[in-house]
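Student: I would like to go through this structure with you. Could we take it piece by piece?

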Amino acid sequence: MYYLKSEPAAATRPADDTIRRQSPAPLVVLSSYAPRRCGIATFTEEVLEFVGAHMPERDIHIISHTDGAGHNVHPILDQSDPDWYRVVARKIAELRPYAVHIEHEYGLYHYIDDQGRSDHNERFLRLLDMIADYPTIVETHTVHGRYTEGEERFLRGLVGRSTLLLLKCDYQRWRMGWNLQYEPDNVRVVPHGARPDMLHLDPDTCLSQLGLDDLRGKRVMGLIGWIQRNKRWDLVLDQWEDLAAEARERTGEDWVLLCAGNMRDPDDLPFFRECRDKARALEAKGLARYVEFVPRGEPYYQMMACYDAVALPSLDETQSGTLARIIALAKPYVTTAPLEGLTSQTIESEAGLLFTNPATLRRGLLRLMTRPDVRAELAENARAYLRDVVSWDVVADQYLDAYAMAAAKVAVNQRGGFGAGAVAE
């Protein structure tokens with residue numbers, strides 16, 4: 001359990017409500033934000049585009065790390081400051097929000113002292129204590145099926161302090177009940193959304209826009225996104241020459257592996273160089289193209305549109321922004337199993353194939369490369385899953401429901417005199 005000292009009351013809802021706003025109270029979002037090279041930053045930028053469209057009457061303010069920028073962005077979260085949570089809490093109180101939507105990933109909020117010791121997100125929980133009088137919706141981006149001791153301790157604290165806790169997949173909620181040995185009543189599942197407005201992108205047009213006209217008339221397999229160790233591009237690169245030869249022998253079609261991405265984390269530099277060198281070696285043989293670009297915004301979708309199918313190998317992801325873009329373009333794919341949200345969404349959507357080792361990866365890739373009927377069926381399933389389940393228009397309404405639910409819960413507690421104060425040590 002976390003035992004925390006009481007924090008200053010300045011961050012709680014002001015007692016004087018005689019001054020009424022002329023416009024509705026804003027939504028406040030705490031997250032990393034553009035232009036940071038971060039999957040959560042990219043996620044937040046996209047989700048708020050749709051939440052804002054569904055909630056035009058409210059302003060949206062983003063409290064970000066110090067590298068965030070943009071309209072209504074407040075770049076004040078300095079992780080090197082041991083008091084960052086107090087700074088953020090004061091800003092939230094100043095904004096007097098309708099609700100606070102927090103995107104959580106462990107690395108975004110941990111503090112490391114001058115001895116190299118992490119606080120294991122303890123300050124994040126202190127922040128929740130300080131803003132307990134506001135409706136607080138915490139959206140977790142990493143909740144594994146099986147918890148480490150530290151994860152369980154943190155998640156127990158998180159469940160106890162959040163007005164609502166949002167998970168991405170149903171299996172996470174089921175596993176949470178099993179791991180914690182009780183069913184929290186403030187946990188909801190909201191899936192990772194995908195853009196509904198990109199299905200119109202024409203592959204040949206996108207190839208021209210990206211300077212890849214030489215790939216016209218060829219089948220294109222995709223490797224795309226941040227190039228890092230957990231993505232395991234090497235599993236595809238090491239087999240590609242043989243795969244392309246076998247597909248040509250079976251179908252008479254030439255397949256090219258279009259590798260598009262860049263390095264994000266300097267710790268992944270050796271793996272990045274290894275994959276880049278392998279891709280360039282295949283490129284020299286006419287079997288691949290290697291393109292460096294930052295996978296975010298419209299270019300991400302344009303590149304995805306160029307593919308006939310996508311390989312998505314991974315070792316450790318509870319969800320995937322790359323998969324969201326694959327679904328947004330209805331591209332057939334093959335990905336790793338069993339692996340958290342990747343496997344879960346593939347089973348739910350029936351839009352992709354699963355592999356468990358190099359042999360089943362090869363089998364899956366060859367099915368995609370030699371069976372146009374399989375590609376067509378998977379793509380049709382992806383379109384239905386996008387339309388009915390994960391379109392941002394569908395998911396944005398679920399966020400709005402979560403905000404309203406949290407606001408109502410806090411209002412009822414405050415009327416009944418049960419407002420949550422700071423946790424005393």
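Student: What kind of model is it, and which residues and atoms count?

Tutor: It is a predicted model, in which local features need pLDDT of at least 70 and side-chain atom pairs count only at pLDDT 80 or more, while totals for chains, interfaces and linings use all residues. Residues are numbered from 1 along each chain as its sequence is written, and side-chain values use heavy atoms, with hydrogens and water left out.

Student: In what order do the seven strands of the open sheet come?

Tutor: The order is S3-S2-S1-S4-S5-S6-S7, with parallel pairing. Strands here are DSSP runs of E with at least two residues, and helices are DSSP runs of H or I with at least four residues, both numbered from the N terminus. Two strands pair if DSSP finds at least two bridges between them.

Student: Which strands stand at the edges?

Tutor: Strand S3 (73–77) and strand S7 (187–189) do; each has a single partner strand, so one side of each is left without a neighbour in the sheet. From one strand to the next, the twist averages 25°. Angles run from 0 to 180 degrees between N-to-C directions, and axes are lines fitted to C-alpha atoms, for helices over the stretch in contact.

Student: How many bridges join S6 to S7?

Tutor: Three bridges join strand S6 (residues 164–167) to S7, and the two run parallel. Leu-167 stands opposite Val-189 in S7.

Student: Which helix packs on the sheet?

Tutor: Helix H16 (residues 392–415) does, touching strand S1 (27–30), strand S4 (99–104), strand S5 (136–140), S6 and S7. The direction of H16 makes about 160° with that of S6. Contact means heavy atoms within 4.5 Å.

Student: At what angle do H1 and H16 pack?

Tutor: Helix H1 (residues 39–54) and H16 pack at an angle of about 75°, with their axes 9 Å apart. That makes H1 roughly perpendicular to H16; the term covers angles of 65 to 115 degrees, whereas angles under 35 degrees count as roughly parallel, over 145 as roughly antiparallel and the rest as oblique.

Student: Which residues meet there?

Tutor: From H1, Phe-43, Glu-46, Val-47, Phe-50, Val-51 and His-54 meet Trp-392, Asp-393, Ala-396, Asp-397, Tyr-399, Leu-400 and Tyr-403 in H16. The residues of this contact of H1 with H16 divide into nine nonpolar, one polar and three charged. Ala, Val, Leu, Ile, Met, Phe, Trp, Tyr, Cys and Pro count as nonpolar, Asp, Glu, Lys and Arg as charged, and the others, Gly among them, as polar.

Student: Staying with H1, is Thr-44 buried or exposed?

Tutor: Thr-44, which lies in helix H1, counts as buried at 0% relative accessibility. Buried means under 20% relative accessible area, exposed over 50% and partly exposed in between, with a 1.4 Å probe and protein chains only. Leaving aside its neighbours within four places in sequence, Thr-44 is in contact with Val-29, Ser-31, Ser-32, Tyr-33 and Glu-103.

Student: And where does Ala-41 lie?

Tutor: Ala-41 lies in helix H1 and is buried, with a relative accessible area of 1%. Apart from neighbours within four places in sequence, Ala-41 is in contact with Ser-32, Tyr-33, Ala-34 and Arg-36.

Student: Turning to H14 and H15, how do they pack?

Tutor: Helix H14 (residues 358–370) and helix H15 (residues 372–390) pack at an angle of about 95°, with their axes 5 Å apart. They are therefore roughly perpendicular to each other. The contact is made by Arg-367, Leu-368, Met-369 and Thr-370 of H14 and Pro-372, Val-374, Arg-375 and Leu-378 of H15.

Student: New topic: how many residues of strand S8 are buried?

Tutor: Seven of the eight residues of strand S8 (residues 219–226) are buried, so S8 is largely enclosed by the rest of the structure. S8 pairs with strand S9 (residues 255–262) in the parallel sense over eight bridges, and Gly-225 stands opposite Gly-261 in S9. Two bridges also join S8 to strand S11 (residues 309–312), again in parallel.

Student: Which residues cover the two faces of S11?

Tutor: Both faces of S11 are covered: Ala-309 and Ala-311 on one side and Val-310 and Leu-312 on the other are all buried. Three bridges join S11 to strand S12 (residues 333–336), and these strands run parallel.
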